[in-house]
Amino acid sequence: MERTGLFLTLVLMVVLEVARAGTIQEAEEDPRVTYEILKEAPFCRAFLRKEYQGAIDFVGRYQDTNETFIDSKTLGMEVRKEMDEIGDTIGFPMDLDYLIPGLRIGMTGQCRHETRRIWVPKELVTGGKRAFSEEYIPRGRDLVFDVVLWNAMPNYMVGMPNMFKVYDSDKDGFISKKEVGEYLTDQEKFPSGPVITKLINEFIKKDDRNGDQKISWDEFSGPKFDWDEEKKHDEL
C-alpha cells in the first residue's frame with residue numbers, strides 16, 4: 001500500500017512537470033515578466049535564488065521583430081576578457097543589480113540545465129553590469145531571452161567586506177602597487193623587503209589583464225560588493 005502511494009505521488013509529480021513545461025507562466029515576483037520552460041532539467045538539484053550565482057548561455061531578441069541583438073556564445077574573446085569571463089559561459093551573481101531586473105525575475109527558480117524563454121517588458125530593462133549593461137542589452141524595447149542555465153551555486157562572497165574599497169585607499173578607482181604594499185605593511189604587518197615586493201607583484205599580476213600595473217574594479221577578482229548596503233536596500 002505504501003509503495004502504491006509513493007508510485008502515485010511520483011506519477012503526479014511527473015504529470016505536473018510535463019504540464020508546467022511548454023506553457024507560458026507569470027513570474028512570481030512580477031507578473032509583467034513571463035517565461036516558458038523550453039527544456040526541463042533531468043533533476044532540479046540546484047536552482048537560482050537570492051545570494052546565489054549562476055553561469056549561462058543566452059540569446060537576446062527584440063519581441064516585435066525577433067531580431068537577435070546578442071548571442072553570448074559568439075562574443076569575441078577580447079570582449080569576454082573585458083567582461084572578466086574566463087570560461088565559455090557568462091557568470092553573474094543574483095544580487096546587487098548585476099542582471100537587468102526583468103531577467104533576474106524571470107530566471108529566479110530556474111534549475112541547473114534548464115532552458116527558459118523569458119519575455120521582459122522594456123520598463124524592466126534597466127541597470128545591469130558587463131554582459132547585461134546597456135552596451136550589450138538595448139533599452140527602450142520589449143525583449144525576449146532564451147537562457148540555458150549551466151550552473152547554480154551559493155555565492156561565497158556574500159557577506160564578505162568590499163576589499164576593493166579597502167585596497168583602493170586614495171579612492172581613484174584603481175588598486176596600485178603602492179596601495180597593496182601599504183595594506184600588507186599596515187594591516188597585515190608584513191616587514192618590508194624582497195618577500196613583500198614579490199607578494200605585491202604577484203597580487204597585481206593575477207588580476208591586471210591589460211598590463212597597466214594597476215587593477216580596476218572590473219579586473220579585481222576578489223570581494224568588491226557592499227553587501228550591507230544591499231541588505232539595507234532589501235529591507236526598505
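Me: Is Asp146 buried or exposed, and why?
Reply: Asp146 counts as buried because its relative accessibility is 16%. Buried means under 20% relative accessible area, exposed means over 50%, and partly exposed is in between (1.4 Å probe, protein chains only). This is a predicted model, where local features need pLDDT of at least 70, side-chain atom pairs count only at pLDDT 80 or more, and totals for chains, interfaces and linings use all residues. Residues are numbered from 1 along each chain as its sequence is written, and side-chain values use heavy atoms, with hydrogens and water left out.

Me: Which residue forms a salt bridge with Asp146?
Reply: Arg61 does, with the closest N and O atoms 3.2 Å apart. Asp146 sits in strand S7 and Arg61 in strand S3 (residues 52-62), so the pair links distant parts of the chain, 85 residues apart. Strands here are DSSP runs (E, at least two residues) and helices are too (H or I, at least four), numbered from the N terminus. A salt bridge is a side-chain nitrogen of Lys or Arg within 4 Å of a carboxyl oxygen of Asp or Glu.

Me: And Arg61, buried or exposed?
Reply: Arg61 counts as buried, at 12% relative accessibility.

Me: How many salt bridges in the whole structure?
Reply: Nine. One of them joins the side chains of Arg104 and Glu29, at 3.1 Å from N to O. Arg104 is in helix H3 (residues 101-107). Glu29 is in the loop between strand S1 (24-26) and strand S2 (34-39). The two are 75 residues apart. Arg104 is partly exposed, at 23% relative accessibility.

Me: What does Glu123 pair with?
Reply: Arg32, at 3.7 Å from N to O. Glu123 lies in the loop between strand S6 (115-120) and strand S7 (143-154). Arg32 lies in the loop between S1 and S2, so the pair ties together parts that are 91 residues apart in sequence. Glu123 is partly exposed, with a relative accessible area of 44%. Arg32 is partly exposed too, at 44%.

Me: Which residues are linked in a network with them?
Reply: Asp30, Arg32 and Glu123 are linked in a network of salt bridges.

Me: New topic. How many helices and strands?
Reply: Seven helices and nine strands.

Me: What share of the protein is buried?
Reply: Of its 236 residues, 39% count as buried.
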